[in-house]
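Hi,

Here is the structure I promised to pass on. Have a look at it first, and my notes follow below.

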Amino acid sequence: MKIFLSFVRKEFRHVIRDKRSLIILVGLPVAMMLLFGFALSSEVKNSNIAILDNSRDETTHTLIDRLDQSQYFSVKEILHSEKEIEAIFKKGEVRLVVIFPANFQENLLHIQKAQVRLVGDASDPNTSNIIINYASGVIRSYQDELFGLQKMPYQIELDTRMLYNPQLKSSYNFVPGVMTLILMLLGAMMTSVAIVKEKEMGTMEILLVSPMKPLMVVFSKAVPYLALCFFDVILILIMAVYILDMPIAGSLPLLLAESLLFILTTLSLGLLVSAIVDTQQVAMFISLVGFLMPALIFSGFMFPIENMPIPMQVISNIVPTKWYYSIVRAIMVKGLGFAFVYKQTLILLGMTLLFLGLAVKKFKVRLE
Amino acid sequence: MSGVSIKNITKTYEKGTVLALDNISLEVAPGELFGLIGPDGAGKTTLFRILTTLLIPDKGKATVAGFDVVTDYEDIRKIVGYMPGKFSLYQDLSIEENLNFFATVFKTTFEENYHLIEDIYVQIEPFKKRLAGELSGGMKQKLALCCALIHEPKVLFLDEPTTGVDPVSRKEFWDMLDRLKARGITIVVSTPYMDEASRCDRIALIQKGKILEVNTLEKIIKKNRQPLFAIKAPNRYKLIKDIRAFENTNSCFAFGEDNHVSFKNGSEGMPQLLNYLNEKGYENLSHKEVEPDIEDTFIKLMLETENHD
Amino acid sequence: MTETVIHTDKLTRKFGDFVAVDAISFDVKAGEIFGFLGANGAGKTTAMRILCGLLSPTSGEATVAGYDVYKQNEEIKKHIGYMSQKFSLYENLTVKENIRFFGGIYGIPRKELLEKSNELIERLGLTSEADKLVGSLPLGWKQKISFSTAILHEPKIVFLDEPTGGVDPITRRQFWDMIYEAADRGITIFVTTHYMDEAEYCDRVSIMVDGAIAALDKPSEMKKTFGAEDMNGVFLQLARNAKRGEG
């Protein structure tokens, strides 16, 4: 126990004296939360749009008012012909043009179908997707209002091709995503780099030639990072609740327990890497390309897994971040209990044991 | 029993293509200060790593204090102190923090074994808050020695502790080793500086994975004694070239202010060379017969093995 | 009178309150082998960096190959060669590639470089190793290639920072043969070493203690002055009195 404490003390000193690791540890979660929380969402507030209204009836006027009044858009210009669309995009003044065809209201009332065309500036595809989504939302809510709950057959058809982007609709789905990424980065990368650094510096040689059990050496190195990762979980949750006003819908103890499990998963991945690799560079490379990229792609945070080709969906199952992401969303956003996440929990537990087993098996008590 | 015994150790790297140690045998007696003398790449570090259980030999058997380096590695790790060749302490921890950390790793405390390191530690104590990375070569090496000593090892392995360290610090370092030896600690130390051989009880000359000689310094020199002459003249570069061109010259190398020359025909060569040099118009030549030192001996042994290859 | 290639007058460099180099003055003549000795932390490295144009002095004067260390450090870099034990060659390039790379850095024209590198490889007896990776060669060879590369562009001065550390006694002397040869061609050699016998191979030697030059003379004269049997004795007498020594 004394040895362990001394490891913890030493590891904290390393982290505190190394500005880079401090930045990764504290700066990165804070930066990501602020980035996703404010910078990325405020970008679509008050976007300039233009309107081409070929119908000029009561319904289109109301819709245009609605769009203008919403926090997302302000109508910058009213166009008079299709020709002007390209020109206004080229000027870069608007990001979206909403086009109502002639006889909009009539079509809506009589043939119960009317089209609105949304033309986005896809030179910035992400933003234009978000904008189109918001515009669709505004139009839909108007439609609901118009016909109430009485399931009327009238429909305003939106002539846009939209990706199903759940994260665009809910501004706080990114919190689970940030947690997943940060833990993956810290747990796997920092642990493996920290251990491999000792190999590179030659200090591992001295530690190996000591009465400590070699595996203990490595585990004692990993445990301080467990504490650091857990600190980050709490940091992110505090920011989520108090700065981003995002309540934790489910049980906090359950969320923390599941986070602890995921930290163990990433730590054992880190241990596995450090057992195989001899230089910090390679450890870093494996962590970034081998862990962080799949975490970004396959967790469902950036890109919805449901929309991926089947082989990719299959691959996503072996990425631990996917399971943790879904657990956190279930608990934090949907407020579900353990009964709904036990399957993911078991998978994570299995993965942890597997990685840990491999790490122990690959671990060398000597230099080669 | 805290000696070291090495029998027919062979070690290769890169799937057997690089021969690091070639059938080496050695005995180090308990309490002995034993020197491994040889240049970089001779195989000294490999031998240390085998003895400290970090590497497994391809062939042969080695024991440290009676424990086998392969099967009893855990026992060995409890009783040896090891100072690797590269400065291997935490650069971002202070002197104090490094010492305390290693003390705990070795299941002891700094206070408990302070008496062991006291006379080394007092020299670096004024800087105890300074980070190890900011220390000079001599101080780093003292700190590393403290860390290797903190758990009162029975056998101490020091891999090139004095490389890159100035002569004053080197002398101090060897004085410290003398005091440790007086406590009964067995010390195996390697060095590329030939002059440090005189500080060891016995030495092994090692080159390209082979041991050239093992004995006391005096005996090794005596055994390989050959007539050797020191010659000097103002233009050294020209002189060396001319001496080497002489038919009976065996070897000619710069040595301090002189040049040491040995002949294929022993002492007879010297008058012949003087005639030869006089014909070349040398004036102000000074010459005398000298006793070979360890470096002369090492050069002789190296030339012999190279000619055998 | 031969040309002066290094001239320093009260050259000083401070880091904060710490005087790393304390008003050193000396001249080095063309073709001279100048040994620059001192204990660890005596200020050798700092002084050498200033002379190589890598660091500006705090006060005092210095010219290297006729160029001022304050203003003309880019010119200095063109006219010197530099070799250190720590950084010598790229391990994962071949001998030939290394020579051509370093030659290229010093702006040797392509055609001339090709000739010179072939000639050099032949002179070093490395024809059969020319296409081998440097990493696979013994340390002694690396040092020889490294030195030859450092003087490939015929600099006026070459700075050697502990060039022979850890090398076997024969290779060490072969290395000095190369140094003599270069000096014979008129290249000035400025060398640091921890091997005191090597100090005696130099034409003149300076010993730095606590940032200042404590002694500067021919090795034979220096031994007489200090009544020492060899340079090691001289060094120990001087450096033992060092106050800061370890710093």
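Chain B has an open sheet of four strands in the order 2-1-4-5, with antiparallel pairing. Strands here are DSSP E runs of at least two residues and helices are H or I runs of at least four, both numbered from the N terminus; two strands pair if DSSP finds at least two bridges between them. The edges are strand 2 (18–28) and strand 5 (67–68) of chain B, each pairing on one side only. Strand 1 (residues 4–13) and strand 4 (residues 59–64) of chain B run antiparallel to each other over five bridges, and B:Val4 sits opposite B:Val64 in strand 4 of chain B.

Bear in mind that this is a predicted model: local features need pLDDT of at least 70, side-chain atom pairs count only at pLDDT 80 or more, and totals for chains, interfaces and linings use all residues. Residues are numbered from 1 along each chain as its sequence is written, while chains are lettered from A and ligands numbered from 1 in the order in which they are written.

Now the chain contacts (C-beta atoms, placed from the backbone, within 7 Å). Chains A and C do not touch, with their nearest C-alpha atoms 16 Å apart.

Cheers

Note on methods: Contact = placed C-beta atoms within 7 Å.
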